Amino acid sequence: MDLHWRTQARQRLTGLSDAEYFWEPVPDVWTLRPRAEARPFPTPEGDRMAGAGALVIDFAHPPPEPEPVTTIAWRLGHIVVGVLLARVAGHFGGRPVDYFTHTYAETADSALAQLDDAYAQWLAGIRALDAKALAAPCGPAEGPWAERSMATLVLHINRELIHHLAEIALLRDLHLRTT
């Protein structure tokens, strides 16, 4: 993953503008919204919004069918929180974070800084694992995946990163050609 990150994926994010970050390619996208414009969603605790700062992330569990198209801002928020930092917290001693407690970036530059930091923490954590740790169950932080090996989790996170970063690259290509 790190080779792909350094030679392709992260380079495709260089120069990301705020216009691209918040671009809504179709109606009814999921994105980051100012708290005053947010759409609360039902939870067992009542209607809630996900985010600790000025912006909140559109969210529903389970997601609607079909799942909404998402903006680059939403995708970066998902990668930072749900893909990387939640795993750093659950496996490598990072601070606890979830969609509700995270402060989402208000600019593309801030989002890329969050992404770089989250990726660096994840990479440092997995680089510290030896063969025994990679073969061990990943544990309760992964819910139904608890009995799967840490190596399986690492491969899953690699797939998630490749998948979502490729989607962001495509959205950048579309933005360039439609605006």
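How many nonpolar, polar and charged residues are in the lining of the largest pocket? The structure is a predicted model, in which local features need pLDDT of at least 70 and side-chain atom pairs count only at pLDDT 80 or more, while totals for chains, interfaces and linings use all residues. Residues are numbered from 1 along each chain as its sequence is written, and side-chain values use heavy atoms, with hydrogens and water left out.

By class, the lining of the largest pocket holds 10 nonpolar, six polar and four charged residues, where Ala, Val, Leu, Ile, Met, Phe, Trp, Tyr, Cys and Pro count as nonpolar, Asp, Glu, Lys and Arg as charged, and the others, Gly among them, as polar. The volume of this pocket is about 560 Å³, a volume being the space filled by probe spheres set on grid points that are joined across faces, edges and corners. On a 1 Å grid over the protein atoms alone, a pocket is an open set of points with protein on both sides within 12 Å along at least five of seven lines, whereas a cavity is a set of points where a 1.4 Å probe fits but cannot get out; lining residues have an atom within 4 Å of a point. Of the 20 residues that line the largest pocket, Phe 59, His 61, Trp 74, His 78 and Tyr 99 are the closest to its centre. Two or more lining residues come from each of H3 and H6, and the largest share, six residues, is that of H3. Helices (H or I, at least four residues) and strands (E, at least two) are DSSP runs, numbered from the N terminus.

Helix H3 (residues 72–92) and helix H6 (residues 150–178) have axes that come within 10 Å and cross at roughly 165°, the axes being lines fitted to C-alpha atoms, for helices over the stretch in contact, and the angles running from 0 to 180 degrees between N-to-C directions. H3 is therefore roughly antiparallel to H6, given that angles over 145 degrees count as roughly antiparallel, under 35 as roughly parallel, 65 to 115 as roughly perpendicular and the rest as oblique. The crossing of H3 and H6 is left-handed, a term used if the near helix is turned anticlockwise from the far one by less than a right angle.

The crossing of H3 and H4 is left-handed, and the contact includes Leu 76, Val 80 and Arg 87 of H3 together with Ala 111, Gln 114 and Trp 122 of H4. By class, the contact of H3 with H4 has 14 nonpolar, three polar and one charged residues.

The count of cavities of 30 Å³ or more comes to one, and the largest cavity has a volume of about 30 Å³. Its lining is formed by Tyr 21, Ala 73, Leu 76, Gly 77, Val 80, Ala 105, Ala 111 and Gln 114, of which six are nonpolar, two polar and none charged. H3 and helix H4 (108–127) each supply at least two residues of this lining, and the largest share, four residues, comes from H3.

How values were computed. Contact = heavy atoms within 4.5 Å.
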